[in-house]
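Subject: Handover of a structure and summary of findings

Dear colleague,

Please find below the structure that I am handing over to you.

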Amino acid sequence: MKTTPILVLFLLMYVSLAAAQTVQLENSTQKNWSGGVAGRAGTNYSFEFGFSNFDSSLQLDTLWVTGSFFPVIYKSTNGQTNTVKKRLKNKFVYIINVGISRDDYLTPSLLGGSEREMLPKPPTKIKGVALLTYRYHGKKFIFYIDRIRKTLPPANYP
C-alpha cells in the first residue's frame, strides 16, 4: 500500500511535535509599594515559567525587567535565592521573584558615567515588559514576556 509510508511520516511528525520543548509563562504578577523611609518606593514582580520536555541540562540565566537585570539564583551557598525550582511529571517549573526600588531623596546619579556603562545590557531589545535568557545544551535562548497578567493592589508602608 502506498498510504503506509505517508501514515508513518505523519506519525513520526506527530511524535516529534509532541516531544518538542516548550516554554510558557504560566503566571506573572506585579505589586507596587511605597513607604518605610520617605521617598522610597518600588515594584515587586513574580514570574512563573513552565519548561516542558526539557532535561536537566536546562539552566536559567538572567531575567531582565524594564531594563534592570536579575541573575537567576535557585542554588546558593549562602541560602539567598530569588527562584524556586520544581520538577513535575513532564516539566520544570521556575518561580522567579524580583523587585525594583527607588529612593527619591538620594542623588539621582550615584553611578558615574563609566560605571553606568559597565552595567550589563539586555542581549536584545526587550519586547514587552521583560525577557528571560536561559541555556539548553550549551546554546543560549531568549523568552519574551509581553505583559504582566495580574497587578496586585499596592502596599503602603508607614
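The protein has two helices and 10 strands; helices (H or I, at least four residues) and strands (E, at least two) are DSSP runs, numbered from the N terminus. Along the sequence, their order is α-β-β-β-β-β-β-α-β-β-β-β. Of the 158 residues, 29% count as buried, where buried means under 20% relative accessible area, exposed means over 50%, and partly exposed lies in between (1.4 Å probe, protein chains only). Among contacts (heavy atoms within 4.5 Å) between residues at least 6 apart in sequence, 61% join residues at least 24 apart.

Please note that this is a predicted model, in which local features need pLDDT of at least 70 and side-chain atom pairs count only at pLDDT 80 or more, while totals for chains, interfaces and linings use all residues. Residues are numbered from 1 along each chain as its sequence is written, and side-chain values use heavy atoms, with hydrogens and water left out.

Confidence

The mean pLDDT, which is the predictor's confidence in each residue on a scale from 0 to 100, is 82 for the protein, and 80% of the residues reach 70 or more. Over residues 11-18, however, the pLDDT is below 50, and this stretch has one contact in the model beyond near neighbours in sequence. Where pLDDT is low, predicted coordinates should not be read in detail.

Salt bridges

Side chains of opposite charge can pair when their charged atoms come close. The structure contains two salt bridges, each defined as a side-chain nitrogen of Lys or Arg within 4 Å of a carboxyl oxygen of Asp or Glu.

One of them joins K91 and E26, whose closest N and O atoms are 2.6 Å apart. K91 belongs to strand β6 (residues 91-103) and E26 to strand β1 (residues 22-34), so this pair ties together parts that are 65 residues apart in sequence. E26 is partly exposed, at a relative accessible area of 24%.

K140 and D61 also meet in a salt bridge, at 3.8 Å from N to O. Because K140 lies in strand β8 (residues 139-145) and D61 in strand β3 (residues 59-65), the pair ties together parts that are 79 residues apart in sequence. Both residues are partly exposed: K140 has a relative accessibility of 45%, and D61 has 26%.

Aromatic rings

A pair of aromatic rings is described by the distance of the centres and the angle of the planes. The whole structure holds 12 aromatic pairs; rings of Phe, Tyr and Trp (its six-membered ring) pair if their centres lie within 6.5 Å, and planes under 30 degrees apart count as stacked, over 60 as edge-to-face and the rest as tilted.

F54 and Y134 form an edge-to-face pair, with 6.2 Å from centre to centre and 80° between the planes. F54 is in the loop between β2 (40-52) and β3, whereas Y134 is in strand β7 (residues 130-136), so that the pair links parts of the chain 80 residues apart. F54 is buried, at 8% relative accessibility, and Y134 is buried at 8%. W64 and F69 form a tilted pair, at 5.6 Å between centres and 45° between planes. Is W64 buried or exposed? W64 is buried, at 5% relative accessibility, whereas F69 is partly exposed at 32%.

Ring pairs also link F51, F54, Y74, Y94, Y134, Y136 and F141 into a cluster.

Two charged ends sit over rings, a term that requires NZ of Lys or CZ of Arg within 6 Å of the ring centre and within 35 degrees of the ring normal. R87 sits over the ring of F92, 4.4 Å from its centre, and K127 sits over the ring of Y144, 5.0 Å from its centre.

Individual residues

N53 is a residue other than glycine with a positive phi, near 60°. N53 is found in the loop between β2 and β3 and is partly exposed, at 32%. H137 likewise has a positive phi, near 50°; H137 lies in the loop between β7 and β8 and is exposed, at 51%.

S28, in strand β1, is buried, with a relative accessible area of 0%. A polar atom of its side chain lies 2.8 Å from the backbone nitrogen of R149. Not counting residues up to four places away in sequence, S28 touches S46, F47, R147, I148, R149 and K150.

Notes. Polar contact = N/O pair within 3.5 Å; in protein donor to acceptor, adjacent residues only side chain to side chain.
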